[in-house]
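Hi,

Here is the structure I promised to pass on.

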Amino acid sequence: MRAPGVIPDSVRELQRAVSNPAVSAWVAANAGSGKTHVLVQRVINLLLDGVEPEKILCITFTKAAAANMAKRVFDTLAEWTTLDDAGLDKAIRERSSVAPDAARRALARRLFARALDTPGGLKVQTIHAFCTQLLHQFPFEANVAARFNVLDDAEHTQLLEQLTLNVLLEGADAPDGKLGRALAAAMVAAADQTFRDVVREAIAKRGTIMTAGDRDTALANLSKSLGVDPSDDAAKIEAEYFTGSLIAAAEWPALASTLAQGNKTDIDQARRFAGLKAMPDAERVASYLQIFCTGEGTPRKSIVTKAIKDTTLVERLCREQERICALLERRRAVACRDRSAALLTIAYEVLERYLKEKERRGLLDYDDLIDKALALLGNVDAAWVHYKLDLGIDHVLIDEAQDTSKKQWQIVRHLTDEFTAGAGARPFTRTIFPVGDEKQSIYSFQNAAPKEFAEMRRYFERRHTSVGLDFVFRELKHSFRSGESILAAVDLVFKSMEMAASVSSDAGGFPPHLALPDALPGAAKSGSRSNPTSGARSKAGTRHSTWSTRPARG
Amino acid sequence: MAPRVFTIPASAPFLPTLIEALIGGKLGFAAARDPLAMAAATLYLPTRRACRLARDAFLDVMKDNAAILPRIVAIGDIDEDEIAFAEAATGDIAADALALPEALGGMERRLLLARLIGKWATSPELHGTSGAPLVAQTPAAACALADDLARLIDDMTTRGVPWERLDNLVPDELDEYWQLTLKFLQIAIKQWPDVLHERGAIEAVTRRDLLIKAEAARLARKTDAPVIVAGSTGSIPATAELIATIAQLPHGAVVLPGLDTDLDDESWSLITGNESKRIAPASGHPQFAMQALLTRIGIARDAVASLAAPRGRERLLSEALRPAAKTDMWRQKAAEPEFEAHLATALETLTVIEAANAEEESLAIAVALREAVHDGKTAALVTPDRALGRRVLAALARWNILAEDSGGDALAETPAGIFARLAAETALHGFAPVTLLALLKHPLLRLDMGGTEDAVAALERAILRGPRPRPGTRSLAGALQAFRTELEKFRRKEKTDLHPSDPRIDLTDTALAAAADLVKRLGQALAPFESLGLTRLPLGELAARHRDVLAALSRQGKDDVAFAGRDGAKLSDALDELAAMEAAARLSVEPSDYLELFSAALAGRVVRRPAQSGLRVRILGPLEARLTESDRVVLGGLVEGTWPPESQTDAWLSRPMRLNLGLDLPERRIGLSAHDFAQLLGARDVILTHAAKIAGTPTVPSRFIQRLAAVAGERWKPARARGDDYLTWARELDRPETITPEPQPAPKPPRAARPISLSVTEIEHWLRDPYTIYAKHILRLTPLDPIGAEPGAAERGTFIHAAIGEFTKTFAEKLPDDPARALIELGRPHFAALNDFPEARAFWWPRFERIARWFARWEIARRSGLAAVVAEIRAELDIPLGEGVFKLRGIADRIERDAEGRYIILDYKTGAARTEKQVRTGLAPQLTLEAAMLRQGKFKDIAAGASVAELGYVLLKGGEPPGEPKPLKFKEGTPDSHADRALEKLTALAKRFADADQPYRSLVHPMWTTHYGDYDHLARVKEWSSTGGAVDESGGGE
């Protein structure tokens, strides 16, 4: 990033306001408005306030961001060790409201080594790294295998591939078994590659799938949601085409000769009716459907032309069409149910083996880390956690807070609720400090919940104010990174209330970005073939955000 | 008498200084004047390596004087793997050693503990609230946990903390949770002592401590001979006791390594912490152990005499590493002119390399080492990071510089270790083709064959590429045999599913026979594992079988080459030990768990390289580097987590709890690491290196470097600038002088080399990407399938085409009663080839069955309107080209004659069909060219001048719907007119390429702008295409 030129006083004032380490603060920060800066500032101010470095937890979204932030903290603190009194006083005043005196200066100069020597390292880390550490310290309390290993993405994929293959092979070896039948049915629905993708997807969404209960319950639910009687199957429905028909088979020849009197379309229909009788069963159904439906399976607009004057007949044909279409609908639902059921059977099997294998080998994947940490904090007395966690965490900072998932917020709440539970229970303040920008949420595929950002702000604000604690909310609008044209383009996108509501639970929409007076010129270009607004809408909150200025997770 | 304690500063060569002092009588007794008196002396040093070096140093100092060397004994130190002292016990204390019970070896102890943990893990009442086991269920996981537990037992034993202290460790209100942990720790508290007792054994650390104590007691009795202990910081209590005893002996002397004499007293006293000021002990301080040792001896720091004047960076290091609680003094120190002067000198010969990644770091180090060699100096790389050491070693090979690598290699990573793992993984984990090939291509594989290379290559080509075969050597044999049968048929020109373009048809009988022999021998060699199935066996039995497997795999005549080398010998020992170990005989495991246990058994075993004397470059671990000297010292891998190492706590005790119990804090290791660092900076010419990223993950520079940089301030920059020079040189090494972009290839082979006959399907390649024709027909290159590929569409297409073709031919006149069943029966023999490839069969057979049923219905309806139908019918058409002739070949999938005598040509597609536009514009001319041949009367029994009423595809994918007719409905023109145009176009094309100046370019009309097919890589498309290789799926070119 370019070194900022002129920083308006108002911006400095804003940054100082949210850096007060004694007060919890919430920052909504536009892209390039100095998020990392305020976070680093806050960490330093906490330390300057005498907070022990091991009591600070700073959650970043990527390992690279963690390394970057730690480096900036250390660089600043290292510089302080070499400043003379006047220089140090100036540096302290720039950041905090405390008046520097000899003791404060000495403390400031010690901070560098003190932070370096933090037992277990300064806790600037991703939530997954934090959860890993936490669980390693509480394996029994958290119901995780002591000495568990974390499955990284590559190992996770490899294990799934292996298990999927095993399931496929077993299915292929016993074609009449449960798996074999499911496999044969599933094959039909998907090409080789898509099949694996479907299984992978099912496993990624295992939370949803497994909450349905066991496989049979899940299948029953599936039938229900498709409006299908669980006992319905394709054969039964196909039989109904003729057993319940309003036009008896015996009538077909007569009908055919009536229709043969009409024009060309009617003659075609006549031929279809005439041919039905001699056909093999399977063909007959298809042929009969053709009389009433188009090739795409939608009802024909007219079954016969105006040339057929027999209105009773026409009316009967129309009613038959209704019946046939309803059956077709059911038939489709059953087909959909059967295909889904087949895939579900296989996905379930893989999933069950996956869970078993993880359990047996003591492996946790990234989702487990969050789930288990959350369960630990929910089930175990907070006092024990804080006691054993090297006696506690007092200050929590969150970077890219808009990409925090619901569960991750719950973890944060567990860690911090006690802060406001009995204010005054501790002789000093404990604080939270989330920084984020809903407009930059690009990890929806990892359950990022940008709407929680404002929701949580209100939650924490309530909790603080209800016990008489201060709570500061500020918006950083100035961008140090981009020129006016780029910022205007972003504002344009998010001016749409619909767009804003897609990522934020705040009703008021977003404040516009402000460019610095000396910002570089820029140009905005739409990244998709469709028009910019709809293109961005489909993309905001997804992996490939056109407007993102953030690097992907490292 | 006052205790005699000395120090040798880091900048003085430790052993020469020590020995000169000893001989020169500076240690307080004149023992050395008399050679016999010297013989009576005992010298204790921390490591065996130091003992060896001390002998050399003695000879150097004594020069030609005859001397009998003192007895030199290694004490062993806290972080040394082997406890040298107990092993080196000779002479007087040998009797004591013999009287002590045996200690349990590492693996045996681990397995015994693992067994207790395994029992605990499976006991139902100890499951968590969710019913999930609280401990991983595999023996390997139990072993890992056993290691943690063993470490805790050692810590408690070493510090002499009784287990009862755990009971009241935690406040009552939190006891509920603590009980969970205590329950688990009962394994260590109750069950483990019983196991030891039953076996009449004691802990290795107990034994070590007893021996040291016995030695201390013996020394205290015998007071006449000189006793010197040097180089140890006394970090183990028992060692500290020994050192304290020696310090009090009349002829005893203690020589400390680099006691910090520069640090001010207040800071010095803060190393132990100060409770009233809420300052925790600085376990991470380099002097932490020695400070405690001096207290133990009962001597003040200023009473310690220095055996040499410090001439190096001692003050800088003392300053930079001072306790954090007093680092506010840095500022005032910096203002002292004296310190400023020291700083200037200390940093003058210090270089700092900040590399972008580990690869760059190792190359820069290699350059620095090479420079030292060039200048006739000795140099050492010291690093705890073995991977870095190996990389540097490899980089040095560029200049044929040999280095002594004392660190050795982990046995698991040596050729023998890898071979052993591959064998077990192949046989016990499903014969994955990649693993199997890695085993077969391993240099230790012999199978008593006298060369396996050709056999392996043939096996790979024949059955290991493409979809994976069924696991097991029997299936391999079956798959190979099936392929050979097909190949035979192909050669006899009988019906077969082998396509003439299949790269495997070139395989010779000799090579295939060798492959069959290989599979047979492999089966015999792996039999001890393959015969296991899922049977649980004792670990020892599995190890014995593993040994047999490896012997058979690597047998050459009478030799088992896997066990021949240094690594092989270690491997053999490891397996034999496991096979003979009682604990392993009692641990029953599933075969699939064996590999992890075997890996655990190898962990920690190191294969040392043969000592090479006279080498100028050495690669050392920090422990081995203690007390050694080199002209240039490179400290590599200085990042947090490596140097210093990670300070991990275990799952049961947190830091405050450990402190409370009187156990060492995890930071203790950081202190030891810091001391190594400070000592190594005693060399004059020092280079510090670290990488910003390792394996793609950002790193944090070592706190030692960060502290030095902070204290150095502005002076750090020149040190970095010097480091940048090495980086520049390293980067320049591999940078070409100029980079010339590769142009789009335009090969112009001579006319004689150009193909004069192509099939209708290949004309599309010729039009779209002529380079494909060049590579396939002129260079004659055929792509091989990837190893263990997922089932692809190509083979499926062949089988389905073949079955349907046969069906239509067989029943051209009249359909059978049950056409679907007949078709399925016809498909069976074709799919039989997939019997040994279950995955492929699983995907394709169900689809084929669906296709067959659909096809049968379609065929019945279709036939009713047709006069005749033929399938798989060949045609050839000569196109005159002035001098020569171009021959177009084709096989039509299906030609029908309708009631009016006109023809319909159909093509079955198991993949995607071409669009009407592609056919109409002539870019997909397969069907139109077939039509052209038909109109010219080139198909048997069809007269010239016939008309084609329709062209079309029949999709046969087996999905929903299983099949689908896709007639081509031309927007303009008729099949006849398009056929004529296609032929004109082909004639023009053939004429153009008959000219030797016409190049076979790549990507002329590709489906996608940046890629086309199998030969893009060969054509180096990514180097010259406009987007620089980014894939653009937007679909241009049509």
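Before the charges, a word on counting: Lys and Arg are taken as positive and Asp and Glu as negative, while His and the chain ends are not counted. Each charge is placed at NZ of Lys, CZ of Arg, CG of Asp or CD of Glu. On that basis chain B carries 130 positive and 143 negative side chains, and the centres of the two sets are 3 Å apart.

Some housekeeping. This is a predicted model, so local features need pLDDT of at least 70 and side-chain atom pairs count only at pLDDT 80 or more, whereas totals for chains, interfaces and linings use all residues. Residues are numbered from 1 along each chain as its sequence is written, chains are lettered from A and ligands numbered from 1 in the order in which they are written, and side-chain values use heavy atoms, with hydrogens and water left out.

Chain B overall

The C-alpha atoms of chain B fill a box of roughly 125 × 65 × 65 Å along the principal axes. Chain B has 40 helices and 25 strands, which are DSSP runs numbered from the N terminus (helices H or I, at least four residues; strands E, at least two).

Of the 1038 residues in chain B, 54% are buried. Here buried means under 20% relative accessible area, exposed means over 50%, and partly exposed is in between (1.4 Å probe, protein chains only). The accessible surface of chain B is about 44400 Å², with 51% of it belonging to carbon and sulfur atoms; areas come from the Shrake-Rupley method with a 1.4 Å probe, and for residues only the protein chains shown count as cover. Contact means heavy atoms within 4.5 Å. Among chain B contacts between residues at least 6 apart in sequence, 76% join residues at least 24 apart.

Most residues other than glycine have a negative phi, and most peptide bonds are trans. Which peptide bond is cis, with omega near 5°? That would be the one from B:Trp643 to B:Pro644, and B:Pro644 sits in the loop between β17 (632-635) and α28 (655-661).

Two non-glycine residues with positive phi are also worth a mention. B:Asn400 has a phi of about 55°, lies between α17 (386-396) and β9 (403-405), and is exposed at 68%. B:Lys493 has a phi of about 60°, is in the loop between α21 (473-491) and α22 (509-530), and is exposed at 76%.

Individual spots

B:Arg470 is in the loop between α20 (453-464) and α21 and is partly exposed at 26%. Its C-alpha is 5.5 Å from that of B:Phe837, although the two are 367 residues apart along the chain. Leaving aside residues up to four places away in sequence, B:Arg470 touches A:Asp173, B:Ser475, B:Asn835, B:Asp836 and B:Pro838.

B:Ser759 belongs to strand β20 (residues 757-759) and is buried at 14%. With the same exclusion, B:Ser759 touches B:Leu888 and B:Arg889.

Finally, the cysteines. There are zero disulfides over all chains, a disulfide being a pair of cysteine sulfur atoms within 2.5 Å. For A:Cys336, the nearest cysteine sulfur is that of A:Cys293, 18 Å away. A:Cys336 is partly exposed at 30%, whereas B:Cys143 is buried at 1%.

Cheers
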